[in-house]
Amino acid sequence: MQSLGAEKTVDYHDPDWPQQIRDWARAGVTASLAIQPGTEKDSMQVVKDGGKVITVSGYGLDLTSEWNITVRQMGHHPETQKKVKALVKQIAAGDIQLVIEKEFSFNDALQALKKTETRHARGKLVVNVGE
């Protein structure tokens with residue numbers, strides 16, 4: 001994440017990660033992206049009043065806080081196709097670095113799927129269907 005421009009990164013396996021964020025941003029952060037299921041509640045601890053927690057998995061939508069924090073699921077929008085095209089152009093131009101962890105043959109697609117289920121990929125996993 002740092003190589004992609006993140007100012008501060010933490011390891012969600014470290015039980016002290018919320019404190020690390022609070023030490024870094026004492027007033028709290030504006031938003032937190034809870035990618036891993038179960039990190040939504042901890043994410044609420046680092047978001048300031050009026051902030052947002054975006055959950056990729058959809059977990060945590062029923063969470064409430066004593067602060068004015070909104071919890072939303074990352075959703076899809078009709079403009080997604082346009083945004084994906086713009087993103088591809090940025091990658092092609094070298095403005096954004098795309099990290100590919102591993103390319104799998106079509107015959108090994110199940111292995112790629114199992115890797116995504118671990119939620120520990122360090123880049124994109126690509127399945128080559130042209131083989």
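How many residues does helix H3 have, and how far does H3 reach from its first C-alpha to its last? Helix H3 covers residues 80–93, so to speak our opening example: it has 14 residues and reaches 20 Å, close to the 20 Å expected at 1.5 Å a residue. That expected span is 1.5 Å times one less than the number of residues in the helix.

Hello everyone! A word on ground rules. This is a predicted model, where local features need pLDDT of at least 70, side-chain atom pairs count only at pLDDT 80 or more, and totals for chains, interfaces and linings use all residues. Residues are numbered from 1 along each chain as its sequence is written, and side-chain values use heavy atoms, with hydrogens and water left out.

Now the overall picture. The protein has 4 helices and 5 strands, in the order α-β-α-β-β-α-β-α-β along the sequence. Helices (H or I, at least four residues) and strands (E, at least two) are DSSP runs, numbered from the N terminus. The C-alpha trace spans about 55 × 30 × 30 Å along its principal axes.

Of the 131 residues, 20% are buried. Here buried means under 20% relative accessible area, exposed means over 50%, and partly exposed is in between, with a 1.4 Å probe and protein chains only. Back to H3 for a moment: 0 of its 14 residues are buried, so H3 lies largely in the open. Just after H3 comes Gly94, with a positive phi of about 85°.

Is Glu40 buried or exposed? At 4% relative accessibility, Glu40 is buried, and its place is in helix H2, residues 40–44. The Glu40 side chain has a polar contact of 3.4 Å with the side chain of Thr55. A polar contact is a pair of N or O atoms within 3.5 Å; within protein, one must be able to donate a hydrogen and the other to accept it, and residues adjacent in sequence count only if both atoms are side-chain atoms. Setting aside residues up to four places away in sequence, Glu40 also touches several others, among them Ala34, Val53 and Leu63. Touching, or contact, means heavy atoms within 4.5 Å.

Ser32 is another buried residue, with a relative accessible area of 12%, and it lies in strand S1. Which side chain does the side chain of Ser32 meet in a polar contact? The partner is Ser43, at 3.2 Å. Beyond its neighbours within four places in sequence, the contacts of Ser32 include Val46, Lys52 and Ile54.

Next, charges. Side chains of opposite charge can pair when their charged atoms come close. A salt bridge is a side-chain nitrogen of Lys or Arg within 4 Å of a carboxyl oxygen of Asp or Glu, and by this rule the count is 1. The pair is Lys115 and Glu101, at 3.4 Å from N to O. Lys115 lies in helix H4 (residues 109–117) and Glu101 in strand S4 (residues 100–105), so the bridge ties together parts that are 14 residues apart in sequence. Both are partly exposed: Lys115 has a relative accessible area of 26%, and Glu101 is at 32%.

Last stop, the surface. Leu33, Ile35, Val56 and Met74 make a nonpolar surface patch of about 350 Å². Leu33 lies in strand S1, residues 29–34, and is partly exposed at 48% relative accessibility.

Note on methods:
Patches are made of residues with over 30% relative accessible area and no salt bridge: like charges are joined within 9 Å, nonpolar side chains (Val, Leu, Ile, Met, Phe, Trp, Tyr) within 5 Å. Accessible areas come from the Shrake-Rupley method with a 1.4 Å probe; for residues, only the protein chains shown count as cover.
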